[in-house]
Amino acid sequence: MDEKRRAGELAATLVKPHQMVFFDCGTTTPWIIEALDNELPFTGICYSLNTFLALQEKPLCRAILSGGEFHASNAIFQPLNFKETLSYLRPDIAFYSAAGVHAEKGVTCFNLEELPLKHWAMSSAQRHVLVVDHSKFGKVRPACMGDLNCFDVIVSDRCPDETLANVAASENMTLMY
């Protein structure tokens, strides 16, 4: 939990006033939101129950929940039709969680039903920030979010191994730890 909190606190420093911010699901994401100053005005877009509940705690947050079919296994809402809400939004910054970050195999998660929302954000947001604790480095999970170079920043509680750090440097990605 301390690792996730540290990564979340670092990631929160990237949010500026009046930005539209996409927040992925996952156990690290609420730590990003908790670390945001209560005086920060922003719009938060989310698709998971835990993220939505965290956004509700921020008094100057305008929260947008994608809605749709609820998946209890990971507490996400999968939109039935992206055109109803999400296709009209262009977040300034997107924070992504992942279960695996591998230099060659890319960024992965466990649940296939999360992929449409993650891919929507990857096609719509201006800046892409991967927020993971160090235990995700070197792991590969079943659902592929994308190659490592799809992200502008990797935020973690520790520096990744040399191979991953070299790939990040060669792709001009920022590492924050």
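Seven strands make up an open sheet, ordered β3-β2-β1-β6-β9-β11-β12, with parallel pairing. Here strands are DSSP runs of E with at least two residues, helices are runs of H or I with at least four, and both are numbered from the N terminus; two strands pair if DSSP finds at least two bridges between them. Keep in mind that this is a predicted model, where local features need pLDDT of at least 70, side-chain atom pairs count only at pLDDT 80 or more, and totals for chains, interfaces and linings use all residues. Residues are numbered from 1 along each chain as its sequence is written, and side-chain values use heavy atoms, with hydrogens and water left out.

- At the edges sit β3 (61–65) and β12 (174–176), each pairing on one side only.
- From one strand to the next, the twist averages 20°. (Axes are lines fitted to C-alpha atoms, for helices over the stretch in contact, and angles run from 0 to 180 degrees between N-to-C directions.)
- Three bridges join β9 (residues 127–131) to β11 (residues 153–155) in the parallel sense.
- Val131 has Val155 in β11 as its bridge partner.

**Helices on the sheet**

- Helix α3 (residues 49–56) lies across β1, β2 (42–46) and β3, and runs at about 165° to β2.
- Helix α4 packs on the sheet too, touching β1, β2, β6 and β9, and its direction makes about 150° with that of β6. (Contact means heavy atoms within 4.5 Å.)

**The nonpolar cores**

- A nonpolar core is a set of buried Ala, Val, Leu, Ile, Met, Phe, Trp, Tyr and Cys residues joined through side-chain atoms within 4.5 Å. Buried means under 20% relative accessible area, exposed over 50%, and partly exposed in between (1.4 Å probe, protein chains only).
- The largest core has 32 residues, and Phe22, Ile45, Tyr96, Val101, Leu130, Met145 and Phe151 touch the most other members.
- At least two residues of this core come from each of β1 (20–23), β6 (93–96), β8 (106–109), α4 (115–124), β10 (143–146) and α5 (162–170).
- Helix α4 gives this core its largest share, five residues.
- A second, separate core has 24 residues, including Ala7, Leu36, Leu40 and Phe42.

**A look at Ile33**

- Ile33 is in helix α2 (residues 29–35) and counts as buried because its relative accessibility is 1%.
- Not counting residues up to four places away in sequence, Ile33 touches Phe23, Thr51, Ala54, Leu55 and Lys58.
- Ile33 and Thr51 are 18 residues apart along the chain, with 8.1 Å between their C-alpha atoms.
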